[in-house]
Amino acid sequence: MRTETELRRLMRTRVEPGERGEAVVNAVVARLKEYGYLDDAAFAETYARLRQENEKLGQRSVRQKLAQKGVAAQVVNEAVEARYQGTDEEALARKHLEQKRIRKPENEKETARVMRRLVAAGFSTGVIYKILRQWDVPDEALSALDNLDDGPAEE
């Protein structure tokens with residue numbers, strides 16, 4: 001499946017430039033929508049469900065990836081809110097760690113690596129710190145993590 005934005009981008013590379021090519025793209029997109037083959041809301045719901053169930057990703061990561069795919073912000077919010085409503089983010093983060101075979105960190109370097117992996121997976125820093133505290137990570141290692149930025153770093 002693709003989003004409308006992705007499909008338009010791909011088709012523009014295959015049609016003649018200008019108004020005529022744009023008219024062809026618009027006609028194809030309209031026909032696909034009419035037949036029900038192109039639906040960004042359904043795509044967003046399916047994408048969010050698969051990322052939560054299979055990859056154990058957090059809300060923020062799913063929101064960012066859907067936005068990168070060109071899904072409208074309102075559609076993204078509705079799909080993610082519906083999918084993650086009532087989800088225990090800490091339990092999901094623990095499942096993500098288990099799935100990726102990430103163990104309890106032994107030193108500050110490993111603690112930073114775990115933190116970056118969980119941030120990249122879309123989990124909030126509050127949940128990450130809670131998990132690290134339950135692993136009895138020393139406070140010195142946690143205070144060193146405060147210098148890390150909140151953006152995804154490594155996968």
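**Helix α3 and its surroundings**

The buried residues of α3 pack against α1 (4–12), α4, α5 and α6. Here, helices are DSSP runs of H or I with at least four residues, numbered from the N terminus; buried means under 20% relative accessible area, exposed over 50% and partly exposed in between, with a 1.4 Å probe and protein chains only; and contact means heavy atoms within 4.5 Å. The model is predicted, so local features need pLDDT of at least 70 and side-chain atom pairs count only at pLDDT 80 or more, while totals for chains, interfaces and linings use all residues. Residues are numbered from 1 along each chain as its sequence is written, and side-chain values use heavy atoms, with hydrogens and water left out.

Asp40, Phe43, Ala44, Tyr47, Ala48, Arg51 and Gln52 are the buried residues of α3. Viewed down the axis of α3, these buried residues fall within an arc of 150 degrees, so they line one face of the helix; the arc is taken from the directions that run from the helix axis to the C-beta atoms. At the N-terminal end, α3 is capped by Asp39, which has a side-chain oxygen 3.2 Å from the backbone nitrogen of Ala41.

Phe43 counts as buried, at 6% relative accessibility. Beyond the neighbours within four places in sequence, Phe43 is in contact with Met1, Arg2, Thr3, Leu66, Lys69 and Val71. Of these, Val71 is 28 residues away along the chain, and its C-alpha atom is separated from that of Phe43 by 8.9 Å.

Next come the aromatic rings. The structure holds 2 aromatic pairs, where rings of Phe, Tyr and Trp (its six-membered ring) pair if their centres lie within 6.5 Å, and planes under 30 degrees apart count as stacked, over 60 as edge-to-face and the rest as tilted. Tyr47 counts as buried, at 9% relative accessibility.

The packing can also be followed from the partner helix α4. Ser61, Val62 and Leu66 are the buried residues of α4. They cover an arc of only 125 degrees around the axis, which puts them on the same side of α4. These buried residues pack against α3, α5 and α7. Ser61 is buried, with a relative accessible area of 2%, and is in contact with Ala120, Ala121 and Gly122 once neighbours within four places in sequence are left aside. Leu66, not counting residues up to four places away in sequence, touches Phe43, Ala44, Tyr47, Val71, Val76 and Val80.

In soluble globular proteins, nonpolar side chains tend to be buried together. In this model, the largest nonpolar core has 31 residues, and Val62 and Leu66 have the most contacts inside it; such a core is a set of buried Ala, Val, Leu, Ile, Met, Phe, Trp, Tyr and Cys residues joined through side-chain atoms within 4.5 Å. At least two residues of this core come from each of α3, α4 (59–68), α5 (73–84), α6 (89–99), α7 (108–120), α8 (125–134) and α9 (139–145). The largest share, 5 residues, is supplied by α8. A second, separate core of 5 residues includes Met11, Val25, Val29 and Leu38.

Backbone angles complete the picture. Gly70 follows α4 and has a positive phi, near 90 degrees. Lys56, in the loop between α3 and α4, is not a glycine but has a positive phi near 55 degrees. Lys56 is buried, at 19% relative accessible area. Arg101, located in the loop between α6 and α7, likewise has a positive phi of about 55 degrees without being a glycine. Arg101 counts as exposed, at 73% relative accessibility.

Key:
A polar contact is a pair of N or O atoms within 3.5 Å; within protein, one must be able to donate a hydrogen and the other to accept it, and residues adjacent in sequence count only if both atoms are side-chain atoms.
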